[in-house]
Amino acid sequence: MAKHHQGSGIPGSLLFGLNNAGLHKKGTNLFFAQMIVHGKFAFDIIYECADKTLHIDSEFDTRFESSFNLHAKGLSDAQIEMAQNALSSLIGGIGYFHSSRLVSSNPKPEYGQEDSSEAKLSELYSLFATTPLRPFFPHGFLWDKGFHQLVLWQWDLDISLEIIRSWLSTMDSNGWMAHKQILGDEARSKVL
């Protein structure tokens with residue numbers, strides 16, 4: 001660990017830089033750091049990886065084209081960039097949720113009748129799912145999984161099948177699955 005004395009006004013003893021000199025040759029890219037603090041504190045972690053960006057972008061472009069063949073279908077560069085952004089957004093919205101959910105104690109009210117039963121928390125559930133817009137909808141919606149999987153399976157079939165398996169595991173003994181899986185306080189705070 002090397003101390004950095006920069007003109008930031010922060011004492012050099014509080015600034016540290018970790019470098020990976022020699023570690024890339026061994027295939028290692030993990031650092032451990034320990035801070036012992038007393039009282040109020042804050043810290044920033046800045047990660048820089050300038051030498052890898054172009055290589056990763058090139059790998060993504062190559063994999064994207066081999067998965068979707070959009071150049072061969074005559075799409076423009078701007079259209080392909082938009083499709084790449086959409087895929088990145090879809091992948092970025094994948095989440096693993098684990099919590100209980102609110103369920104009605106009356107699982108089957110008659111059509112047209114309001115369910116007046118008190119909701120209760122279920123046992124713990126886990127769900128691996130795509131989300132339509134994770135900051136605003138941090139939970140899974142069953143109805144859009146089919147649309148998401150039409151794209152995702154072409155990119156990564158294993159992840160797509162794992163998401164489908166996860167949804168099927170939420171089915172109850174009567175074959176019913178909630179179309180919204182609102183697991184946890186964060187997700188409930190967005191809809192209740």
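**Figure 1. Strands E3 and E6 side by side.** In this view of a predicted model, the bridge partner of Gly95 within strand E6 is Ala129. Which residues of E3 belong to its covered face, and which to its uncovered face? The covered face of E3 is made of Gly95, Phe97 and Ser99, whereas Tyr96 and His98 form the uncovered one.

Figure 2. Thr130 lies in the loop that runs between E6 and strand E7 (140–141). Is Thr130 buried or exposed? Its relative accessibility is 0%, and therefore Thr130 counts as buried, the limit for that word being under 20%. The side chain of Thr130 is joined to the side chain of His148 by a polar contact of 2.5 Å. When neighbours within four places in sequence are left aside, Thr130 is in contact with Leu90, Gly93, Ile94, Gly140, Lys145, His148, Gln149, Leu152 and Ile163.

**Figure 3. Arg134 and Ile94.** Arg134 is also found in the loop between E6 and E7, but with 32% relative accessibility Arg134 counts as partly exposed. Although Arg134 and Ile94 are 40 residues apart along the chain, their C-alpha atoms are separated by 8.2 Å. Not counting residues up to four places away in sequence, Arg134 touches Gly93, Ile94, Gly95 and Phe97. Ile94, looked at with the same exclusion, touches Phe128, Ala129, Thr130, Arg134, Leu152, Ile159 and Ile163.

**Figure 4. Helix H5 and the elements it packs against.** Helix H5 (residues 157–168) has twelve residues, and from its first C-alpha to its last it reaches 16 Å, which is close to the 16 Å expected at 1.5 Å a residue. Which residues of H5 are buried? They are Ser160, Ile163, Ser166 and Trp167. Seen down the axis of H5, these buried residues fall within an arc of 125°, so they line one face of the helix. The elements that the buried residues of H5 pack against are E6, E7, helix H4 (142–155) and strand E8 (180–181). The N-terminal end of H5 is capped by Asp156, where a side-chain oxygen lies 3.2 Å from the backbone nitrogen of Asp158.

**Figure 5. Helix H3 and its two sides.** Helix H3 (residues 77–92) has 16 residues, and it reaches 22 Å from its first C-alpha to its last, close to the 22 Å expected at 1.5 Å a residue. The buried residues of this helix are Ile80, Ala83, Gln84, Leu87 and Leu90. Seen down the axis of H3, these buried residues fall within an arc of 120°, so they line one face of the helix. Which exposed residues does the face of H3 turned away from its buried side carry? They are Ala78, Met82, Ser89 and Gly92.

**Figure 6. The nonpolar cores.** The largest nonpolar core has ten residues, namely Leu90, Ile94, Phe97, Tyr125, Leu127, Ala129, Leu152, Ile163, Trp167 and Leu183. The elements that give two or more residues to this core are E6 and H5, and the largest share, three residues, comes from E6. Apart from this core lies another, of seven residues, among them Phe68, Ile80, Ala83 and Trp155.

**Figure 7. The whole chain, for orientation.** The chain holds six helices and eight strands, and, read along the sequence, these follow the pattern β-β-α-α-α-β-β-β-β-β-α-α-β-α. Of its 192 residues, 26% count as buried. Among the contacts in the chain with a separation of 6 or more, 54% are accounted for by residues 24 or more positions apart.

Key. Residues numbered from 1 in each chain as written. Predicted model: local features only at pLDDT ≥ 70, side-chain atom pairs only at ≥ 80, totals over all residues. Heavy atoms only, no water. Buried < 20%, exposed > 50% of the residue type's maximum accessible area, 1.4 Å probe, protein only. Helix = DSSP H or I, 4+ residues; strand = E, 2+ residues; numbered from the N terminus. Polar contact = N/O pair within 3.5 Å; in protein donor to acceptor, adjacent residues only side chain to side chain. Contact = heavy atoms within 4.5 Å. Expected span 1.5 Å × (residues − 1). Arc of directions from axis to C-beta. Core = buried A, V, L, I, M, F, W, Y, C linked by side-chain atoms within 4.5 Å. Pairing = 2+ DSSP bridges.
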